Amino acid sequence: MKETIIEQIDRYRDDFYNISIYIGENPELGHEEFKACAVLTEALQKHDFQVDIGICDLPTAFTATFDSGKPGPSIGFMAEYDALPEVGHACGHNLIGTMGIAAAIGLSKVIHETGGKVIVFGTPAEETKGGKVTMAEAGLFHQLDVAMMVHPLDRYMKSGTSLAMDAIQFEFFGKSSHAAASPHLGVNALDAVIQTFNSINALRQHITPDARIHGIITEGGKAANVVPDYAVAQFYVRGAKREYVNELVDKVKRCAEGAALQTGTTMKSSYYEFSYDDMVTNTPLSEAFTKELISLGVKEEEILTDRGGSGSLDMGNVSHVVPSIHPYIKICNESYACHTHEFREAALSEKAREAMILGAKTMALTGYEVITNKSLLDEIKAEFLKP
């Protein structure tokens, strides 16, 4: 049946090509991906998936389900399709979304014999307020036995880790005054922001090597001759484990609280983006994916091992609910970094579309193995349930 899966994905190759090009040439920001959502769900409906758009009160989120009507595992494929400001699909989400539906369609062609269920989750806004966070909190992934997605990169890489992240904002409120004539009557909110940065810079000496704290000033006053009565700083706080990020955020908050006390301002903290959990790769599922990738012609020595995540993914939130993987597929020979103009162009290339088909086939074959190989599924679940 694996041959049937491969044949079916190849049969609709041109459709998948056209979808990825259309999404790539029509970039839409998070929660505004109406064109992408429409073209992906229309393709799934043509292949008899039951589609539900606007789930979890997210207008561009969707689920698409193909149920064999027979008992068996439920396989989840994640589709991302949001773009970045100015640089468009410089993270290759036009490929990710199409890869997810192509894998699901390929696998759906055989599960009437194997049993089981295939579900595509359309997950908007991965780059900001990730849809997977909302879906995980709503319990949508509890129905799955495994979840997977593949991300484009300039190399092949096994699924690894990512950093947990909180996005925290500090607003400081002071009192305006003339900065030359009566500075003593003012309370400088910008001083509080600067002092917060100074305190965080001192804190960096005492954090673990995996942790990252980086921020910007989004509001610092309107004129140099007026004492700023309002100032705002935003920070990303990251670490290898969710538990450590929670500890670190408490320390960062104390830095801001101390700055407010020192300057006589008042402070309000809030989270301006959703919190991402660290990615926990399921090893047996990852090994199954790698095995299928090699069976499709990729040399084992080409597939690198992730040495530790440096970014943050909302797929991390999924991995805390269901056994998950997030490997990478090579779309270009050049060493282009994601979120660049060069990577955007690479994601629209013929080589990228070929890689997209390869990734879709690998995910579909991995899903087939999970459905038909009970010992593999037992191993997957056993590792996931380990304390």
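**Entry 1: ground rules**

I count two parts as in contact when heavy atoms lie within 4.5 Å. I take helices (H or I, at least four residues) and strands (E, at least two) as DSSP runs, numbered from the N terminus. This is a predicted model, where local features need pLDDT of at least 70 and side-chain atom pairs count only at pLDDT 80 or more, while totals for chains, interfaces and linings use all residues. Residues are numbered from 1 along each chain as its sequence is written, and side-chain values use heavy atoms, with hydrogens and water left out.

**Entry 2: the sheet and its helices**

I began with helix α8 (residues 242–263), which lies across β8, β9, β10 and β11. Its direction is at about 10° to β8; for such angles, axes are lines fitted to C-alpha atoms, for helices over the stretch in contact, and angles run from 0 to 180 degrees between N-to-C directions. Helix α7 (residues 189–203) lies across β8 (164–173), β9 and β10, and runs at about 20° to β10.

Next I looked up the strands themselves. Two strands pair if DSSP finds at least two bridges between them. In what order do the strands of the open sheet come? I read β9-β10-β8-β11, four strands with antiparallel pairing. β9 (212–219) and β11 (266–271) are at the edges with a single partner strand each, so one side of each has no neighbour in the sheet. From one strand to the next, the twist averages 20°.

I then followed β9 to its partner. Strand β10 (residues 230–239) and β9 pair in the antiparallel sense over seven bridges. R212 stands opposite R238 in β10.

**Entry 3: salt bridges**

Here I count a side-chain nitrogen of Lys or Arg within 4 Å of a carboxyl oxygen of Asp or Glu. How many salt bridges does a search of the whole structure find? It finds 17.

I noted E369 and K2, whose side chains meet at 2.9 Å, N to O. E369 lies in helix α12 (residues 350–372) and K2 in helix α1 (residues 2–11), so this pair ties together parts that are 367 residues apart in sequence. For burial I use relative accessible area: buried is under 20%, exposed is over 50%, and partly exposed is in between (1.4 Å probe, protein chains only). E369 is buried at 18%, whereas K2, at 22%, counts as partly exposed. Leaving out residues up to four places away in sequence, I find E369 touching K2, E292 and L376.

My next pair was K132 and E80, with the closest N and O atoms 2.6 Å apart. K132 sits in helix α6 (residues 131–137) and E80 in the loop between β3 (74–79) and α4 (93–108), so I have a link between distant parts of the chain, 52 residues apart. Are these two buried or exposed? K132 counts as buried at 0% relative accessibility, and E80 counts as buried at 2%.

I also looked up R155, which forms a salt bridge with D154 at 2.8 Å between the closest N and O atoms. R155 is partly exposed at 33%, while D154 is buried at 10%.

**Entry 4: helix α9**

Helix α9 (residues 283–295) has 13 residues and reaches 18 Å from its first C-alpha to its last. That is close to the expected 18 Å at 1.5 Å a residue; the expected span is 1.5 Å times one less than the number of residues. Among its buried residues I listed P284, L285, S286 and E292.

At the start of α9, a side-chain oxygen of N282 comes to within 3.1 Å of the backbone nitrogen of L285. After α9 comes G297, with a positive phi near 115°.

**Entry 5: S159**

Where does S159 lie? I found it in the loop between β7 (156–157) and β8. S159 counts as buried, at 9% relative accessibility.

For a polar contact I need a pair of N or O atoms within 3.5 Å; within protein, one must be able to donate a hydrogen and the other to accept it, and residues adjacent in sequence count only if both atoms are side-chain atoms. The side chain of S159 makes one with the side chain of T281 (2.6 Å). A polar atom of the S159 side chain also lies 2.8 Å from the backbone nitrogen of H326. Setting aside neighbours within four places in sequence, I listed the contacts of S159 as M279, T281, S286, I325, H326 and P327.
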